Amino acid sequence: ELESLTASQLRDSIASGMATAIVPFGSIEHHSPHLPLGADALVADAVGLAVANRLDALLVPSFRVGCATQHAVLAGTLSLSMETIGDLGWGIAHGLARDGVRVIAFVSTHGGNLEPLAAAAAQLSEALPTCVVSAPRGDLGPTPGAHSGEWLTSVMLALRPELVRIDEAAPELAGELVRASAERGREHLERFVASIAAQVPVPSG
């Protein structure tokens, strides 16, 4: 993980072949009362770590606040503009490229970040001649369900069950949440992580 390395350790890691960096993006936003406001950010931590481990890549600390304008009027939501998300991507990518990273993957667990990150990745791949930047989308499966629904609830049951309060869920989610379980959450995470890892370009050279 980047934040635990010294500058010399980072240089040594890159010199010895660690050419890829994973940059997770999450969100702090309103959810159904059974889930914490930071659910997307907590999932970003886990997904970023899993992808980095799978690819033997450098893990950049997660960006916990994302673009959540669709939830901006609801309690607990913190939101950045699409332009700011894109600017964050630009700043981080330039720093990583300067240090010798050749592949950068922006990984988001919140839908509102996907468009600005994809746009930034495309522009950065042209602007940085020594670096390929991508924003792979994770596979949620054929039936991802509602916001705060079975997918996210199951994933949170797998990662942080102590933060899930099923009995406090919004009534409209009751039917969907009957299927929620930690086992399904682990399956969702594996599918999501594997699909992202498969899309990250292989460093050249």
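The legends below describe close-up views of a predicted model.

Local features need pLDDT of at least 70 and side-chain atom pairs count only at pLDDT 80 or more, while totals for chains, interfaces and linings use all residues. Residues are numbered from 1 along each chain as its sequence is written, and side-chain values use heavy atoms, with hydrogens and water left out.

S32 sits in the loop between β1 (20–25) and α2 (39–55); helices (H or I, at least four residues) and strands (E, at least two) are DSSP runs, numbered from the N terminus. With a relative accessible area of 8%, S32 is buried (under 20% is buried, over 50% exposed, in between partly exposed; 1.4 Å probe, protein chains only). Leaving aside residues up to four places away in sequence, S32 touches S148, A169, A170 and L173 (contact means heavy atoms within 4.5 Å). A polar atom of the S32 side chain lies 3.0 Å from the backbone nitrogen of A170.

**View B. The aromatic pair F25 and F106.**
Three aromatic pairs are found in the whole structure; rings of Phe, Tyr and Trp (its six-membered ring) pair if their centres lie within 6.5 Å, and planes under 30 degrees apart count as stacked, over 60 as edge-to-face and the rest as tilted. One of the pairs, F25 with F106, is edge-to-face, at 5.8 Å centre to centre and 85 degrees between the planes. F25 belongs to strand β1 and F106 to strand β3 (residues 103–108), so the pair ties together parts that are 81 residues apart in sequence. F25 is buried at 1% relative accessibility, and F106 is buried with a relative accessible area of 1%. F25, F63 and F106 make up one aromatic cluster.

**View C. The largest pocket.**
The largest pocket has a volume of about 460 Å³. Its lining has 23 residues, of which T109, H110, G111, L140 and W151 are the closest to its centre. The elements giving two or more residues to this lining are α2 and α5 (150–159). By type, the lining residues of the largest pocket are eight nonpolar, 12 polar and three charged.

Pockets are found on a 1 Å grid over the protein atoms alone, as open sets of points where a 1.4 Å probe fits, with protein on both sides within 12 Å along at least five of seven lines; lining residues have an atom within 4 Å of a point.

**View D. The second largest pocket.**
The second largest pocket holds about 150 Å³ of space. Its lining includes E1, E3, D45 and R64, along with P24 and L49.

Key:
Polar contact = N/O pair within 3.5 Å; in protein donor to acceptor, adjacent residues only side chain to side chain. Points joined across faces, edges and corners; volume = space filled by probe spheres on them. Nonpolar A, V, L, I, M, F, W, Y, C, P; charged D, E, K, R; others polar.
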